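Dear colleague,

I am passing on the structure that we spoke about, with the sequence alongside. Please open both before reading the notes that follow.

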Amino acid sequence: MFWRDTLIDSAMFREWIVNVGQRPAPARLAHVMIELRERLRLIGRVEGDSFEMPLTQEQIGEALGITAVHANRVIKQVRQEGIVEFNRGRVTVLDERKFQELADFDGRYLHQSPTL
């Protein structure tokens with residue numbers, strides 16, 4: 001179990017380094033949200049197309065490596081594009097295809113398969 005946990009931690013670290021260093025801010029936001037959604041799904045905390053993400057714009061900015069003002073602009077952009085909706089700490093995915101495309105998410109690094 002220890003080695004599996006270490007494998008997952010290191011894979012997540014690598015993915016986050018790439019996320020912050022190589023992706024534009026809207027793609028970073030989408031990637032973080034999908035990762036959070038997948039991790040919440042594993043513990044049964046996703047309801048249909050929505051999940052809880054009670055983070056402030058400042059916290060989102062810190063996670064993405066951008067300012068809170070830029071985080072506000074990025075959130076506004078994905079809302080206007082009809083990809084996701086934010087409402088009182090809850091995210092609802094409006095267009096799954098666009099969401100996945102924007103994030104370019106490959107969840108294999110999370111190692112959620114029960115066979116691992």
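**The sheet and the helix across it**

Val84 stands opposite Val93 of strand E4. Please keep in mind throughout that this is a predicted model. The strand pair in question is E3 and E4, which run antiparallel and are joined by 4 bridges. These two belong to an open sheet of 4 strands, in which the order is E1-E2-E4-E3 and the pairing is antiparallel. Because E1 (46-47) and E3 each have a single partner strand, they stand at the edges, and one side of each is left without a neighbour in the sheet. Helix H2 lies across E1, E2, E3 and E4, and runs at about 85 degrees to E2.

**The nonpolar core**

The largest nonpolar core has 25 residues, of which Leu29, Met33, Phe51, Val84, Phe86 and Phe99 touch the most other members. At least two residues of this core come from each of helix H2 (25-42), helix H3 (57-64), helix H4 (68-80), strand E3 (84-87), strand E4 (90-93) and helix H5 (96-103), and the largest share, 7 residues, is supplied by H2. When residues up to four places away in sequence are not counted, Phe51 touches Met33, Leu36, Arg37, Leu40, Arg45, Val46, Gly89, Arg90, Val91 and Val93.

Ser50 is placed in strand E2, which covers residues 50-52. With a relative accessible area of 11%, Ser50 falls under the 20% limit and is therefore buried. Its side chain is joined to that of Arg90 by a polar contact of 3.4 Å, and, neighbours within four places in sequence left aside, Ser50 is in contact with Arg90, Val91 and Thr92.

His31 lies in helix H2 and, at 2% relative accessibility, counts as buried. In sequence His31 and Asp106 are 75 residues apart, while in space the distance between them, C-alpha to C-alpha, is 9.2 Å.

**Salt bridges, with a look at helix H2**

A search of the whole structure finds 8 salt bridges, and I describe some of them here. One joins the side chains of Glu35 and Arg39, at 3.5 Å from N to O; both residues lie in helix H2, 4 residues apart, which is about one turn of the helix. Glu35 counts as buried at 3% relative accessibility, whereas Arg39, at 43%, counts as partly exposed.

Which residues are linked in a network of salt bridges? They are Arg37, Glu38, Arg41 and Glu96. Glu38 and Arg41 are separated by about one helical turn, because they are 3 residues apart in helix H2. As for accessibility, Arg37 is buried at 5% and Glu38 is buried with a relative accessible area of 19%, which is under the 20% limit, while Arg41 is partly exposed, with a relative accessible area of 41%.

With best regards

Technical notes
Residues are numbered from 1 along each chain as its sequence is written. This is a predicted model: local features need pLDDT of at least 70, side-chain atom pairs count only at pLDDT 80 or more; totals for chains, interfaces and linings use all residues. Side-chain values use heavy atoms; hydrogens and water are left out. A nonpolar core is a set of buried Ala, Val, Leu, Ile, Met, Phe, Trp, Tyr and Cys residues joined through side-chain atoms within 4.5 Å. Buried means under 20% relative accessible area, exposed over 50%, partly exposed in between (1.4 Å probe, protein chains only). Contact means heavy atoms within 4.5 Å. A polar contact is a pair of N or O atoms within 3.5 Å; within protein, one must be able to donate a hydrogen and the other to accept it, and residues adjacent in sequence count only if both atoms are side-chain atoms. Two strands pair if DSSP finds at least two bridges between them. Axes are lines fitted to C-alpha atoms, for helices over the stretch in contact, and angles run from 0 to 180 degrees between N-to-C directions. A salt bridge is a side-chain nitrogen of Lys or Arg within 4 Å of a carboxyl oxygen of Asp or Glu.
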